[in-house]
Amino acid sequence: MNWKKKLMEYIPFNEQEEQDRKVMIDYLEKFPNIFTRENEFAHFTSSSWIVNSSHTKVLMIYHNIYDSWSWTGGHADGDQDLLHVAIKEAKEETGIQHIVPISNDIFSLEALCVNGHVKRGKYVSSHIHINVTYLLEAEESDMLAIKEDENSGVKWFPIEEVIAAVNEEWMHGIYDKLNKKLKNMGKTN
């Protein structure tokens, strides 16, 4: 998969995406291990913005490390098919099995700072997630399940209530951007 080409062809939605895209392209050229956690400074991750069929609700998890409602996602861990990573993580973290991409194209780009934290008894230094987000769709009627080692809640939120539910203030702008992009697609009110 030629990620440099994909990123070059991606049309940024705003200044944040334009700047983050530049960083991503630069890191792809400089770090051969950017798709693995062996690169402790920065590595690729993939997230998903999961919406219901009417695109009026978003499925979120209560992330234990961040102590906040959050999108789903995870590390590439060597898998350069980031859509596959996004779908796999969405299924694992929510319990939903019927998830489909609205598009196979990148929905959003973010370079995200991750503060140092303890995970599974080991300290993880502060680093950057080079994140590619995909827009996925799921049915609200599917059974939800908590992935106890990562989250303590799974819940559908009306689009207009997402920001108020999120404790991580710096993510408000990212989630607001995702909702604006969704609205620009024309299916939400």
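Reader: How do you know that the span of α3 agrees with a helix of 13 residues?

Author: This is a predicted model. At 1.5 Å a residue, the 13 residues of α3 should span 18 Å. The end C-alpha atoms of α3 are 18 Å apart, so the span agrees.

Reader: Which residues of α3 are buried?

Author: Leu82, Leu83, Val85, Ala86, Ile87, Glu89, Ala90, Glu93 and Thr94. Buried means under 20% relative accessible area. Just after α3, Gly95 takes a positive phi of about 85°.

Reader: What makes a set of residues a nonpolar core, and which members of the largest one touch the most others?

Author: The residues must be buried, of a listed nonpolar kind, and joined through side-chain atoms within 4.5 Å. The largest such core has 33 residues. Trp3, Phe44, Leu82 and Tyr134 touch the most other members. Elements that each supply at least two residues include α1 (3-9), α3 (82-94) and β9 (127-138). Another core, of 20 residues, lies apart from it; Trp49 and Phe107 are among them.

Reader: What is Leu82 in contact with, leaving aside its neighbours within four places in sequence?

Author: Trp3, Phe35, Phe44, Thr45, Ser46, Ala76, Val132 and Tyr134.

Reader: Why is Glu168 said to have no salt bridge?

Author: A salt bridge needs a side-chain nitrogen of Lys or Arg within 4 Å of a carboxyl oxygen. For Glu168, the nearest side chain of opposite charge is Lys119, 13 Å away, so there is no salt bridge. Yet Glu168 is buried.

Reader: Where is Glu168?

Author: Glu168 is in the loop between α4 (162-165) and α5 (169-184). Leaving aside neighbours within four places in sequence, Glu168 is in contact with Tyr66 and Ser68.

Methods
Residues numbered from 1 in each chain as written. Predicted model: local features only at pLDDT ≥ 70, side-chain atom pairs only at ≥ 80, totals over all residues. Heavy atoms only, no water. Helix = DSSP H or I, 4+ residues; strand = E, 2+ residues; numbered from the N terminus. Buried < 20%, exposed > 50% of the residue type's maximum accessible area, 1.4 Å probe, protein only. Lys, Arg positive; Asp, Glu negative; His and termini not counted. Contact = heavy atoms within 4.5 Å. Expected span 1.5 Å × (residues − 1).
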